[in-house]
Amino acid sequence: MAVISFSTVQIRSMQADKKIFADNPAVAQAFAEDFVAWLETQSQPKVTVSLSGGSTPTLLFEILAKQFADKIDWSRVHLFWGDERCVPPEDPQSNYGVCKSLLLDHVSIPESNVHRVIGESDPEAEAVRYGDEMKAHCELNADGLPMLDLLILGMGGDGHTASIFPHQIELLKSDAICAVATHPESGQKRVSMTGPVLCAAKKIDFLVTGAGKASVLGEIFGKTGDWETYPTSLIESKGPIAFYLDEAAASFGK
């Protein structure tokens, strides 16, 4: 899938690659191809990957199931979720439930490799349990935090990422591995990885599409306006960070 534009931008102290594609399906296709190629470079027996919800990951799951189901050694891949709504898996809002129906039911991944947030459990207790599960299956850094091999994130129109919203930006510095977040409009409870865990990932890829994200992205990349109030702008990593954007999301400054 051809890249329309590729550049590098600096956000705070970190460098991030910016890759622009024609539309949402093109972003999903390009990322799927890059993801499979990246997996082939990973020599460790266990590869830990954190998934995201949203429209682009939904397309990504369909592409992986249809085009790459037999091209990935799923026995090595362990899947996590950066955040999850506190709903049961059969609820259409469940990030895990969407992934299960579109991807997991169509590939030969061991059930023990799928580490879902139990959305129907008590949120506070589940945040603690999920943090412990991450520590049990991920490599830990010097601070005892899980280090995901790959973290896939999205961004909302308010600049939130995972389920760290601007009104709970303190979760970016939480001492916990996972915490309970509250959607600012619906009041829905969510379990989310916290900032230190997100930033501990070895590789971070943002998938951001749609014209509704353009103005916030413009502020983040240009370091203008309210950019430092957007949780997305505060995600840093010692490893590579890339933004996969469609033309609509990248239309800021035009």
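Student: At what angle do helix α1 and α2 pack, and how far apart are their axes?
Tutor: Helix α1 (residues 24-41) packs on α2 at about 55°, and the axes are 9 Å apart. Axes here are lines fitted to C-alpha atoms, for helices over the stretch in contact, with angles running from 0 to 180 degrees between N-to-C directions. Helices are DSSP runs of H or I with at least four residues, strands are E runs of at least two, and both are numbered from the N terminus.

Student: What should I know about the model and the numbering?
Tutor: This is a predicted model, where local features need pLDDT of at least 70 and side-chain atom pairs count only at pLDDT 80 or more, while totals for chains, interfaces and linings use all residues. Residues are numbered from 1 along each chain as its sequence is written, and side-chain values use heavy atoms, with hydrogens and water left out.

Student: OK, back to the helices. Parallel or oblique, α1 and α2?
Tutor: Oblique, therefore, given that angle. Under 35 degrees counts as roughly parallel, over 145 as roughly antiparallel, 65 to 115 as roughly perpendicular, and the rest as oblique.

Student: Which residues meet there?
Tutor: From α1 you have N24, P25, V27, A28, Q29, F31, A32, F35 and V36, and from α2 S55, T56, L59, L60, I63, L64 and Q67. By class that contact has 11 nonpolar, 5 polar and no charged residues. Contact means heavy atoms within 4.5 Å. Nonpolar covers Ala, Val, Leu, Ile, Met, Phe, Trp, Tyr, Cys and Pro, charged covers Asp, Glu, Lys and Arg, and the others, Gly among them, are polar.

Student: And how do α2 and α3 cross?
Tutor: The axes of α2 (residues 55-67) and α3 (residues 95-102) come within 9 Å and cross at roughly 25°. The two are therefore roughly parallel to each other. T58, F61, E62 and A65 of α2 make the contact with V98, C99 and L102 of α3. That contact has 5 nonpolar, 1 polar and 1 charged residues.

Student: Now the largest pocket: what's its volume?
Tutor: About 340 Å³. Of the 20 residues lining the largest pocket, S52, G53, G54, G154 and M155 are closest to its centre. α2 gives the most to that lining, with 3 residues. By class it has 5 nonpolar, 11 polar and 4 charged residues.

Student: Which residues lie nearest the centre of the second largest pocket?
Tutor: N141, C199, A200, A201 and K238, out of 13 lining residues. The second largest pocket has a volume of about 240 Å³, and helix α5 (residues 195-200) gives the largest share of the lining, 3 residues.

Note on methods: 1 Å grid on protein atoms, 1.4 Å probe; cavity = no way out; pocket = protein on both sides within 12 Å on 5 of 7 lines; lining within 4 Å. Points joined across faces, edges and corners; volume = space filled by probe spheres on them.
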